[in-house]
Amino acid sequence: MDVGVVGYGVYIPRYRIRVEEIAKVWGDDPESIKRGLLIEEKSVPAPDEDTATIAVEAARNALKQTGIDPHDIEAIYVGSESHPYAVKPTATIVAEAIEATPDLTAADYEFACKAGTVGIQTCMGAVEAGMIKYGMAIGADTAQSAPGDALEYTAAAGGCAFIVGKNGGNTLAAIDDTYSYTTDTPDFWRREMRSYPKHGGRFTGKPAYFKHVLAAANGLLRKLQLTSQDFAHVVFHQPNGKFPLLAAKELGFSKEQVALGLLTPKIGNTYSGSTMISLAAVLDQAKPDERILAVSYGSGAGSDAFSITVRDGIEGKRDAAPKVLDYVGQRVMIDYATYVKFRKLLVR
Amino acid sequence: MAVPRFWREIPNRYNLVGARCGNCNKVLFPPRYICPHCRRMGKLEPYRLKRRGKVLTYTVVHAAANGFEDQAPYVLAIVELEDGPRLTAQVTDCNTDEIKIGDEVEIVFRRMGEDGQDGVIYYGFKARRV
Ligand SMILES: [Zn+2]
């Protein structure tokens with residue numbers, strides 16, 4: 001395909017809670033959780049943050065890399081499972097806050113943790129077809145977890161925006177191709193009007209995450225006639241720190257190829273943000289001509305795989321906005337009491 | 001707050017769209033219809049202010065405004081923007097002992113409140129230390 005990334009931007013809230021702080025409350029052994037999930041701490045949104053504010057910060061950061069007129073963004077898709085409204089799009093709020101309105105199309109996407117990468121695919125198609133000049137795809141979440149549930153250790157907040165356009169002078173990476181693998185798999189869900197998701201416990205691993213991630217990755221490699229050796233870096237959706245490492249091993253990738261994009265140990269699972277923020281972390285450091293494999297996963301279930309080749313233009317642009325590691329480093333620890341107050345689980 | 005008023009003010013609440021006078025070049029925020037310096041000679045045009053400024057003065061609010069109770073104590077500052085105008089804004093992501101006069105801030109997009117559980121969510125600007 002003749003499309004590429006024109007700019008990308010991330011945002012991660014500054015608050016963090018450690019595994020120890022949560023484990024203390026529920027009588028869990030923090031060491032076994034840290035070892036089992038490969039997680040140390042997770043990001044927590046401030047009381048005045050939600051998926052829309054996180055999406056806006058990421059979108060504004062993406063624009064800083066480009067210098068394009070926001071009115072040339074003719075499509076915005078926001079993927080999330082924590083849209084602030086049940087009915088009323090997040091995408092219009094973002095469009096207004098980056099001054100892209102009114103001559104554009106916009107919508108919210110939902111597909112558990114992969115709704116953001118579906119947005120990238122939509123933008124790729126629309127750009128390739130000549131329908132739009134630039135499209136913006138955002139994955140952002142303030143993930144919900146029931147108190148005491150295993151998800152509480154990982155459900156985090158963050159977002160990432162990608163601006164997609166025709167390959168050319170202003171693209172910093174080419175999107176070579178994409179491939180998706182989708183089945184009806186009830187591994188994780190949330191019913192209407194319910195606050196917290198339910199999940200299938202151990203069922204979330206083999207028949208869900210691994211089956212889809214591996215099939216999408218292998219499908220794309222076959223389609224492009226490439227092997228794991230052709231990629232300098234690989235990123236996977238990161239429900240915890242362990243799954244992406246296992247998926248990488250299964251596909252023949254080394255630890256070094258996974259290293260740059262492995263963020264869940266420090267920020268938790270940012271759901272729709274996860275794969276995209278990890279890809280951004282790789283783009284923050286990758287060298288021109290390096291190839292990156294990125295594979296998202298959304299429960300329910302499906303995976304989108306992308307092959308991306310970094311271009312020379314990246315070096316002049318990626319310093320224009322805060323990088324992933326800047327956000328990872330700017331952190332303020334909170335205790336469990338503050339956490340439940342921030343998450344509005346404690347109401348007076 | 002009434003929904004129509006909020007909706008009308010979206011450009012200034014989301015994007016700091018004020019006005020600039022083509023006659024004296026002064027930047028006004030919030031926007032006005034008449035330049036207070038040039039009166040009838042003024043030529044006001046919409047102008048998006050840069051989202052940067054510094055703290056002129058601040059106060060720590062303990063008796064919170066309606067809807068902000070759970071954020072107390074919080075910092076409220078008068079910020080002088082790079083473009084000149086001053087505005088009052090909550091300083092978000094800021095413990096009360098972190099703020100100083102002269103701190104550089106950027107204007108960011110945050111939730112300002114909501115009309116209960118069934119009403120609209122109001123978004124707008126707050127300041128954040130950089
Ligand atoms: Zn004037």
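**Entry 1: the model and the fold**

I am working from a predicted model. I started with the make-up of chain B. I counted 2 helices and 8 strands. Reading from the N terminus, I get the order α-α-β-β-β-β-β-β-β-β. I then looked up the extent of the C-alpha trace. Along its principal axes, chain B spans about 45 × 40 × 20 Å.

**Entry 2: the zinc site**

Which residues coordinate the zinc ion? I found Cys21(B), Cys24(B), Cys35(B) and Cys38(B), each through SG, at 2.3 Å. I wrote down the spacing of these donor residues in sequence as C-x2-C-x10-C-x2-C. Next I checked the geometry. The angles among the 4 donor atoms run from 100 to 117°. For reference, the ideal angle for four tetrahedral donors is 109.5 degrees.

**Entry 3: a loop residue**

Where does Lys100(B) lie? I placed it in the loop between strand E6 (86–91) and E7 of chain B. I looked up its distance to Thr57(B), which is 43 residues apart from Lys100(B) along the chain. Their C-alpha atoms are separated by 8.2 Å. I also listed the contacts of Lys100(B), leaving out residues up to four places away in sequence. Lys100(B) touches Val55(B) and Tyr58(B).

**Entry 4: the interface, by area**

I turned to chain A. I see 26 residues of chain B in contact with 22 residues of chain A. The two chains bury about 2,000 Å² between them. Of this area, 44% is on carbon and sulfur atoms.

**Entry 5: the interface, by pairs and elements**

How many salt bridges cross the interface of chain B and chain A? I find 7. I noted one pair in detail: the side chains of Glu57(A) and Arg128(B) meet in a salt bridge, 2.9 Å from N to O. For polar contacts between the chains, my count is 17 residue pairs. I then asked which elements give two or more residues to the side of chain B that touches chain A. They are helix H2 (10–15), strand E7 (104–114) and strand E8 (121–129). E7(B) gives the largest share, 5 residues. By class, I recorded 11 nonpolar, 5 polar and 10 charged residues on that side of chain B.

Terms used:
Residues numbered from 1 in each chain as written. Chains lettered and ligands numbered in written order. Predicted model: local features only at pLDDT ≥ 70, side-chain atom pairs only at ≥ 80, totals over all residues. Heavy atoms only, no water. Contact = heavy atoms within 4.5 Å. Buried area = accessible area lost by both parts, 1.4 Å probe. Salt bridge = Lys/Arg side-chain N within 4 Å of Asp/Glu carboxyl O. Polar contact = N/O pair within 3.5 Å; in protein donor to acceptor, adjacent residues only side chain to side chain. Helix = DSSP H or I, 4+ residues; strand = E, 2+ residues; numbered from the N terminus. Nonpolar A, V, L, I, M, F, W, Y, C, P; charged D, E, K, R; others polar. Donors = N, O, S within 2.8 Å, 3.2 Å for Na, K, Ca; no water. Tetrahedral: all angles 85-135°; square planar, octahedral: opposite > 155°, others 65-115°.
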